[in-house]
Amino acid sequence: MKVICLAKTGPKGPASRYRIYQYIPHLRERGMDVEVLPAFPDRYVDLAGSPAAGASAQRSLLVIAGFLRRLGHFARAMRADLVVIEREFFPAFPPLFEMLLRVFRRGYILEFDDAIFLSFGRRMKYPVTVKMARRVIVGNEYLARYARQFNDRVEVVPTVVDSSRYVPREDYRLSSPPRIGWVGLPYNFPHLRMVSPALKKVCEKWEARLVVFSGRSPDLPLPVEFVPWSEEREPEVISSFDAGIMPLADTPFARGKCGLKILQYMAAGVPVVASPVGVNRDIISDGVNGFLAASHREWEEKISILLSDENLRERMGREGRKTVEERFDLSLWKDEVARIYLEETSR
């Protein structure tokens, strides 16, 4: 059985990595011949939100090249037994190719983990894209409520992590200097800036630093240790955090996010502080497996509480790891994804 997955990016893009690529080994074990065809290379991810001179022009060229690449992908998709489209066939392009797949082949499974239907160029396109899909896989209930307006065959598969990649912390003694960690793409730096006043006060009080594990260093008014992102070092770097943070503005788009940062911190046994937005409130039981913080005062207080109490860091870190193992581990969901794919090829 030939399965073509039309991913947005290569494995460097977190959405594609966690929603598509990490399932491939298991799908192949289940007898599927899976091929992933990304529209954009890693360089596209590197340039996301970059202020560097020429970055916008480079990204435009990659978009043109990506569209030409997708034309070749379409020819291969037309010969597949099953096509899985991550988000859309091509960004901001009318759903023509999705329509052709529906009419001349067996259709497609649509997979998305962000509220991209709110973004420019998709408000009119996305209802049609969702409606034409044979089945829709989304990352949380917020996205499912949107999709069910146009399609009855909607499955919720949360974004999950492979906890076996992470060795949970055993030593919860505070680092010197204390390390408050954040992992993510540079275009999400505005969320960090939103809580920078609170982070600055914490850093001043505790002589701490913000460790940013990303594609480039942010411009923030506080001590920052920049660690260039790499997939290989991800478990090691995240495990070095004394606390992991996930600030989010409470916007319709942010409510569609799937809490990946939180799950990565938890898998490493790192205690978490996050905004009470969207799925964050489902993952975190405030005061049990992490803290939720809405105001600057709450951010300052809750990070400070964690830094001041080794036993609390350990208890929350272990509870977070337990949350991942019991609800958000790849081992719990890989058979569900395989089932959906196999059902669609047998229809």
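In this predicted model, L210 touches I180, W182, L192, L199, C203, L220, L222, P223, V224, E225 and I245, leaving aside residues up to four places away in sequence; contact here means heavy atoms within 4.5 Å. Local features need pLDDT of at least 70 and side-chain atom pairs count only at pLDDT 80 or more, while totals for chains, interfaces and linings use all residues. Numbering runs from 1 along each chain as its sequence is written, and side-chain values use heavy atoms, with hydrogens and water left out.

L210 also turns up, with L27, L192, I245, I303 and Y341, among the residues with the most contacts inside the largest nonpolar core, which has 78 residues. Such a core is a set of buried Ala, Val, Leu, Ile, Met, Phe, Trp, Tyr and Cys residues joined through side-chain atoms within 4.5 Å, buried being under 20% relative accessible area (1.4 Å probe, protein chains only). Helix α11 (residues 260-267) gives the most to it, six residues; helices are DSSP runs of H or I, at least four residues, and strands are E runs of at least two, numbered from the N terminus. A second, separate core of 35 residues includes L37, F97, V136 and V154.

As for the sheet, six strands make an open, parallel one in the order β2-β1-β3-β4-β5-β6, where pairing takes at least two DSSP bridges. β2 (33-36) and β6 (154-156) sit at the edges with a single partner strand each, so one side of each has no neighbour in the sheet. Three bridges join β3 (residues 82-86) to β4 (residues 109-112), and V84 stands opposite I109 in β4.

Note on methods: Buried means under 20% relative accessible area, exposed over 50%, partly exposed in between (1.4 Å probe, protein chains only).
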